[in-house]
Amino acid sequence: MEANTRWVALTAVAPVAWGANYFVTHEFLPADRPLYGAALRALPAGLVLLALCRRRPHGVWWGRSAVLGLLNVSVFFVLVFAASQLLPTSVAATVMAVSPLVMMVAAWLLTAERPRPAHLAGAVVGLAGVCLMLLGGADGISLPGVLASAAAVLVSSFGHVLAKRWNTGTATATGATGAGVLASTAWQLTAGGLLLLPVAVAVEGAPPPVSPSALLAFGYVALVATALAFSVWFAGLRRLPAGTVGLIGLLNPVTGVLLGTVVAGEVLTGRQLGGLALVLASVALGRPAAGARTGRRHPAGAPDRPAPRRGLRTGPGPGRPT
């Protein structure tokens with residue numbers, strides 16, 4: 001249980017960093033260059049992690065890195081950048097809080113990981129908290145911004161669960177196993193950034209001028225909200241149930257709302273306070289039960305061992321993540 005608590009605390013770094021990222025993007029980055037904004041967030045982060053892990057993709061991981069880079073980086077970052085510019089900080093963060101339900105469904109479909117009743121209850125409580133925060137209301141809610149946030153939820157939930165499935169280390173017919181958290185994160189960030197860069201040049205022209213404050217903002221976005229946050233997030237996905245990780249993600253809107261209130265001067269109403277309390281309660285409901293399995297225990301970044309030969313039963317049978 002103590003190990004579970006440590007992984008929950010480490011994974012929580014990611015949504016807190018992402019919640020702050022909405023404010024940084026909204027306040028300091030050029031609003032009319034979403035493609036460059038996404039590319040300059042992904043590519044430096046991917047290259048830094050690539051230098052740390054010193055590993056290149058191998059075998060099927062070339063294709064997997066491209067797919068994960070497209071979903072989790074290229075499309076997702078552009079949608080988040082657009083939502084951050086079109087919506088107030090608090091609203092942009094809270095719309096993303098429907099992701100636990102979407103992630104649980106995706107995990108059920110892709111990895112046969114059935115959500116626990118506590119996870120489902122936490123998702124419903126968290127969604128109620130989100131509704132309260134939205135109804136509590138910031139002005140200037142943009143329909144395109146809300147749609148961009150909703151699309152980001154769908155894309156990222158599918159992409160994150162797909163990364164969990166591909167990185168669990170179960171051998172496939174081609175002998176492919178998990179690549180390790182640091183390596184697979186580096187590969188998909190680099191692939192996503194490389195996919196974005198030529199599109200940004202073709203659509204948005206020359207790179208935007210970068211002021212000193214924007215340069216510092218890009219540093220935070222790339223190193224903290226991307227390189228660090230994605231590494232701990234995927235590490236948590238590897239070791240904790242998808243339902244638990246999805247509910248931890250609700251700290252994203254909590255951070256966004258609090259930053260929007262304290263720093264950006266947005267008004268925090270009584271309804272929003274009630275919504276925040278429900279969101280925190282939902283995160284508590286999602287904590288792994290004592291003695292629950294949290295995945296393979298090995299150092300982060302190390303590839304998994306191949307699965308035993310077909311015919312030998314080593315797990316609980318049907319329903320075990322693949």
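Helices (H or I, at least four residues) are DSSP runs, numbered from the N terminus. The model is predicted, so that local features need pLDDT of at least 70 and side-chain atom pairs count only at pLDDT 80 or more, while totals for chains, interfaces and linings use all residues. Residues are numbered from 1 along each chain as its sequence is written, and side-chain values use heavy atoms, with hydrogens and water left out.

Helix H3 (residues 34–53) is followed by arginine 54, whose phi is positive, near 55°, in a residue other than glycine. Arginine 54 belongs to the loop between H3 and H4 and counts as exposed (over 50% relative accessible area, 1.4 Å probe, protein chains only), because its relative accessibility is 75%. A positive phi, near 60°, is also found at alanine 112, in the loop between helix H6 (99–111) and helix H7 (117–135). With 35% relative accessibility, alanine 112 counts as partly exposed, a class that lies between exposed and buried (under 20%).

The 20 residues of H3 reach 29 Å from first C-alpha to last, close to the expected 28 Å; the expected span is 1.5 Å times one less than the number of residues. Buried residues of H3 include Leu35, Tyr36, Arg41 and Cys53. The buried residues pack against H2, helix H4 (61–86), helix H9 (181–204) and helix H10 (212–239), contact being defined as heavy atoms within 4.5 Å.

Terms used. Helices (H or I, at least four residues) and strands (E, at least two) are DSSP runs, numbered from the N terminus.
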